[in-house]
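Let us walk through this model step by step.

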There are 2 protein chains.
Amino acid sequence: MAQQPLSQDLLDKMHRYWQAANYLSVGQIYLLENPLLKQPLERKHIKPRLLGHWGTTPGLNFIYVHANRVIKDRDLKMIYITGPGHGGPGLVANTWLEGSYEEFYPSIDRTEGGMQRLFKQFSFPRGIPSHVAPETPGSMHEGGELGYSVSHAYGAAFDNPDQVVLAVVGDGEAETGPLAASWHSNKYLHPVNDGFVLPILHLNGYKIANPTVLARLSKEEITKLFEGYGYKPHFVELKHETFNDKQATFHDIHQKMAATMDACLDELNAIREAAKAEIAAGKPITRPQWPMIVMRTPKGWTGPKEIKGKKVEDYWRSHQVPFSDIDAENVHNLENWLKSYEPETLFNADGTVKAELTEIAPKGLHRMGSNPVVHGQASKDLRMPDFRNYEVKFEKPGTVNAEATREMGKLLRDVMKENEEQRNFRIVGPDETASNRWNNVFEETGKTWFADYLPEDEHNDTLSQDGRVMEILSEHTCQGWLEGYNLTGRHGFFSCYEAFIHVVDSMFNQHAKWLKTTRHINWRKPLPSLNYLLTSHVWRQDHNGFSHQDPGFIDHVVNKRAEVIRVYLPPDANTLLSVTDHCLRSRHYVNVVVAGKQPALQYLTMDQAIKHCTKGLGIWDWASNDAGGEPDVVMACAGEIPTMEALAATDLLRQHFPDLKIRFVNVVDLMTLQPKEEHPHGLSNREFDSIFTADKPVMFAFHGYPWLIHRLCYRRNGHANIHARGYKEEGSTSTPFDMVVVNQLDRFNLAIDVIDRVPKLAKIGAHVRQKFADKLVEHAQYIAEHGDDLPEVKNWVWPY
Amino acid sequence: MAQQPLSQDLLDKMHRYWQAANYLSVGQIYLLENPLLKQPLERKHIKPRLLGHWGTTPGLNFIYVHANRVIKDRDLKMIYITGPGHGGPGLVANTWLEGSYEEFYPSIDRTEGGMQRLFKQFSFPRGIPSHVAPETPGSMHEGGELGYSVSHAYGAAFDNPDQVVLAVVGDGEAETGPLAASWHSNKYLHPVNDGFVLPILHLNGYKIANPTVLARLSKEEITKLFEGYGYKPHFVELKHETFNDKQATFHDIHQKMAATMDACLDELNAIREAAKAEIAAGKPITRPQWPMIVMRTPKGWTGPKEIKGKKVEDYWRSHQVPFSDIDAENVHNLENWLKSYEPETLFNADGTVKAELTEIAPKGLHRMGSNPVVHGQASKDLRMPDFRNYEVKFEKPGTVNAEATREMGKLLRDVMKENEEQRNFRIVGPDETASNRWNNVFEETGKTWFADYLPEDEHNDTLSQDGRVMEILSEHTCQGWLEGYNLTGRHGFFSCYEAFIHVVDSMFNQHAKWLKTTRHINWRKPLPSLNYLLTSHVWRQDHNGFSHQDPGFIDHVVNKRAEVIRVYLPPDANTLLSVTDHCLRSRHYVNVVVAGKQPALQYLTMDQAIKHCTKGLGIWDWASNDAGGEPDVVMACAGEIPTMEALAATDLLRQHFPDLKIRFVNVVDLMTLQPKEEHPHGLSNREFDSIFTADKPVMFAFHGYPWLIHRLCYRRNGHANIHARGYKEEGSTSTPFDMVVVNQLDRFNLAIDVIDRVPKLAKIGAHVRQKFADKLVEHAQYIAEHGDDLPEVKNWVWPY
């Protein structure tokens, strides 16, 4: 091996530091007592239930100590993203060794007693999780569900030019779709304005019970694959045949890893310098070939080679607890294994770490377990323009059209502008920013793009190497970037077609779980909320039809803990503006906003919108005729299209039954419907009854699946009187009005529903009911002939 | 260009055939009348609402005609998978041209009138969808949601050795995660026993409003990327600078495409021959470098170059309807565009296709629009062993432990065996077949594996080139393979960790929509059901904790149409066996089965299990003491762990309150809870009341989120008395019993809930209530000390 960057002394210390981390990892998995093996190991020192994952851990520890070296050598700020989050013991061990852990958890100090508590708590009931969980210092990524390490890493790096983000990717994780797509994130990273991402693909060889695909490709294929992805892979490989020869092996692999880390960091610096020179010369930046490391080491490295005649090291049997039948033979095996790390050379008799090893770790905030960026401690609020200035004005409600998301786009443009200096706001989306009507944002910034440019891009001047709008046709990558950006304290908005946000259901789950847990960890500061705009929604899939219709993401979201979940259905532009402002100022929530992008009627002035959104729901007096008294029926609605249909139904009913007292209720904040014991936004029963009544029929026109209304309201007094209409999986490519008709959410069906439910209309309503039914027939005939909606429907405005 | 496989005559015909398809595509998007342009085009001939996607369509048409040629030349059976499903007009046009369309839709015949109806119906209200939807002959893949074309293609090819599956992948789709992962499917394809997959990556250049990433990489990077993925890419490229020179261009690109198709098919045949030779020689098959095509043509090819000074062809403006403001100028532009295809050379005056063009198409079932494999017409039922033979036997209920999924694995092993000859059964899973206890399957077959083998694989003899268990750590790829396999009439089971099945929420949506729609298309035959086993469920995440806990997939599933959805929660092994048999015999459903894999108590004999599963729910007399009379309380449950806790709670209550009449109800088929108007399995209200009563307290211990029970039951008479317990997002790495305690689903909390709800216990229960509460404190202390559950809990058995 040519390069030998480590002195023998440093190499020895690093090796022992690594062994210390490995010792502490095995200890966490197995030991309840006797942490320093001062006594001969006995069954009673071993945990009754053995839980944890060893296989990936020694590799993670190896990377950690080498990262420590370059942090110290180069005075770096580094984030360690652990794709194989199962290696929790490794990250806990390292943050303990470096002293971060005891600063957050004083009882787990670097003493013998602290070490014993460190071991015991791991995977112990009501102790700490086995993953690189929120409880683990330095983590911003649990790695429990696989696929997101690289997109999280890039998200963390954007606008963090002084951070180096190490992204360790397991070869299991590398088989997942989200991960496979996210390698292309390197076409979105600015070499000067963003931080560095250094991916380390860890070819650990095995998953739970199988070899991994990437570990079983030829080196030539791996090289080409990553060169094809735009990286320059550097290999650090322990040869399959030779790693048994420990002494030589360890020496070589440490030197090789150190040389490779140096080479990669040198390349990263050179890339930045070259880009700076190009910028200075007024040239576009040439997309660099970004360095990455492919590290091939054995699964369960340094663990037992065999247990009872079965291969363990370098095999899938190392994946979790390598052996868990703790008979006398295995007590002995465990003791031998632990002693192979020579703990007496790592720790003093009082459990403190040998002084020459503590030197290896960086100091203070340079320790990866203390990086303030991943603990939310570096997060700044957004500078917010006054959203009231973006008011859509009109004379009378329900008479003027506007595209709600376009108005929102104007606000976002100015959020971009106000925060240009702070560089802490980005927008992500799968190729839909313009489609979703946020075009005005492009007045302020472009779409990040480092892939090739063509002459015609002059006509598409929204592409930019320094843009702050991130578009890639991968909802996973969008979500991963934004999560990484949020998790490091910065703000954003994700706009997505409503149906396809389900692509990231599982990612949302993990993020919501992270938020729930971190709310209760005091050294983690509240993070910016994860904000979704869902548009191109179920009711306006004119181009796309059935496959693009699914309003169920909110059903999915409300399964998560109320303390971190918010769902908004603003019916028009001013309410959307008010909600947007609220979302961008909020922290530590997931805010789901569902809104329309097509021209639609406007209902509330900005003053009214603010009041309405603050309450979360309310009676629209201008649309009601119960004059503050008891109504005959409540017409309730949530969502853009249902609001219009409910209003039009109200209009029909008032025309035909002037004496019918209708109370019109609109819901913006869906969580108000839940009992207040279930959600902090929930109404008390008294408040609920004062709006919906306890005994009158309630027609509820809902944007999503109608049973969600029942699920939220089932404990309410008047629940039996609520009749909800919404999407019920009907519809194809059709007209907007036909979509509501086939789902019985249209004005005529709503009006018929009211006639059928209000006792006083039972007799007098029959004729009108027939008239409405006839209208539906007329509609069907009209669209079959004209391919378009009835003009009276299409051009309807609120007439009062 | 060296190779010129097409005679000038054939080239001219193929070119005109392509132009005919393009003409018909534009006609569908724009024209209401005047299909052959016999009159000068006027506004009134054009649709009032213009909907559809042009951009991808001409490329799809180009591929189709070239596929037709090789089908004829080589007598192939071919499946055309349209990744860019937006190109619906193209596939409709081609299946019309070849005559398949009129066989399924006689009114859309190949006449002028038929052509007019063809045009009108497209994206017309209640006409046909704009995508390659179920209504499109020859389609097994809508392509509405992107990411699944390649995994569907491989799924279709497995065990279909006489099919060639063409998978057209758009460069938009290629950015998605699921697609990026699925390229590795080539490590799972058997060159002899499976069919061929020929991927065509269509570098169309643009998405809705952006260039695509892959179209903006260097040719060198693209080449390396796909070589890295294990393919040999063949490029068919229209040079950006030259494609304006139409005459020369078209000649060259046709020859190039034809030569490339020939080369790829020759390579595929050579790969098969080489593999056969290796098999004959008793050697393992060398993994081949599978051919693929990278086709770079302009978006909106052959469309208008510019409209009103704005670039259209070869630009994102071609994505949907290239121009939709139909003023006089654009009427003229449209007419010119349509006439550029010279329709008079394509169609006779009566609208029939020119005879020399019809020759180009294959005949009969060789037409891609008539391939019986994708219409379910070639599907065979499974040969099923008698599941009764796998009964777990015991003397008394609730006293013997078994691992339910392990017993299921034995049945599946024999399903494998029985269908070895038919080769129509596969198992998929993300590295979890063994973890989920289906190990016995490996007695009959191995895990498909064509990546490298190492010496130690001898110890892991489950890897096999001809295995029928498919494992890759990508839920997307597993799901895509199985969908493709199902959609071509074959059967399977997908086993997955419960929490991570959410990764495929969106894929499930699309498949459920496909099933719903195809139920009502008479020329499509019922498909095998899509079967999920969800295990490693929320209650047994001892290793993994909070990130691995999510029982919400069933919430997601029940939003889809009742006619295609089934959800089963068998409480033990015999019920799981009965349910498994039912699922494998069923057709055209999505069956979700949630079951346990850990040792757990067994309750029903096989006879009892069959009766119980047939009813879907029922009273367990042996656990009840209401002696057929009115109970004081109903203890209901669904799911493995809740059943045990509900039984243990019943035991506690019976010990302490011998006079309390408890009716014990277990639910296997969750859909029985819904009203029968909502789901075909739903109970009538009378039946429901006869089991749950209309007025007694019902404690419902549920596997999932408790509100799902309310959502299903909210219309029931006794709903107000139902008190459901389930998962409420609490829990970390802990013991099994602690998990139920922190979610208040444990026996003590259930018993306390009963005491609190049964009037006659109000006074006499206080002391016992306190005793149960004390037990919870004792539990907490015990686990903190011992790291394990209270022995009395852990070792509990049903005592009666």
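In chain B, five strands form an open sheet with mixed pairing, in the order β18-β20-β19-β21-β22. Strands are DSSP runs of E of at least two residues, helices are runs of H or I of at least four residues, and both are numbered from the N terminus. Two strands pair if DSSP finds at least two bridges between them. Strands of a sheet pair through backbone hydrogen bonds, either parallel or antiparallel.

Which strands stand at the edges? They are β18 (617-619) and β22 (722-725) of chain B. Each has a single partner strand, so one side of each is left without a neighbour in the sheet. On average, neighbouring strands of this sheet are turned by 20° against each other, direction ignored.

Look at one pair. Strand β21 (residues 698-702) of chain B runs parallel to β22(B), and four bridges join them. Val698(B) has Ile722(B) in β22(B) as its bridge partner. Helix α22 (residues 747-757) of chain B packs on the sheet and touches β19 (633-638), β21 and β22 of chain B. The direction of α22 makes about 160° with that of β21(B). Axes here are lines fitted to C-alpha atoms, for helices over the stretch in contact, and angles run from 0 to 180 degrees between N-to-C directions. Two residues are in contact if their C-beta atoms, placed from the backbone, lie within 7 Å.

A word on the source. This is a predicted model, where local features need pLDDT of at least 70, side-chain atom pairs count only at pLDDT 80 or more, and totals for chains, interfaces and linings use all residues. Residues are numbered from 1 along each chain as its sequence is written, while chains are lettered from A and ligands numbered from 1 in the order in which they are written.

Now take chain A as a whole. It has 24 helices and 22 strands. Its radius of gyration, taken over C-alpha atoms, is 30 Å, close to the 28 Å that the globule rule gives for 800 residues, so chain A is as compact as a globular protein of that length. That rule is 2.2 Å times the number of residues to the power 0.38.

An automatic or database assignment sets the domain bounds. In chain A it gives domain 1 (8-374), domain 2 (405-451 + 468-600) and domain 3 (616-794). The C-alpha centres of domains 1 and 2 of chain A lie 33 Å apart. Their contact takes 29 residues from domain 1 and 30 residues from domain 2. On the domain 1 side, α6 (149-157) and α7 (177-182) of chain A are the elements that give two or more residues. α6(A) gives the most, with six residues.

Chain A also meets chain B. Here 96 residues of chain A are in contact with 96 residues of chain B. Among the elements that each supply at least two residues on the chain A side are α7 and α14 (505-518). α14(A) gives the most, with seven residues.
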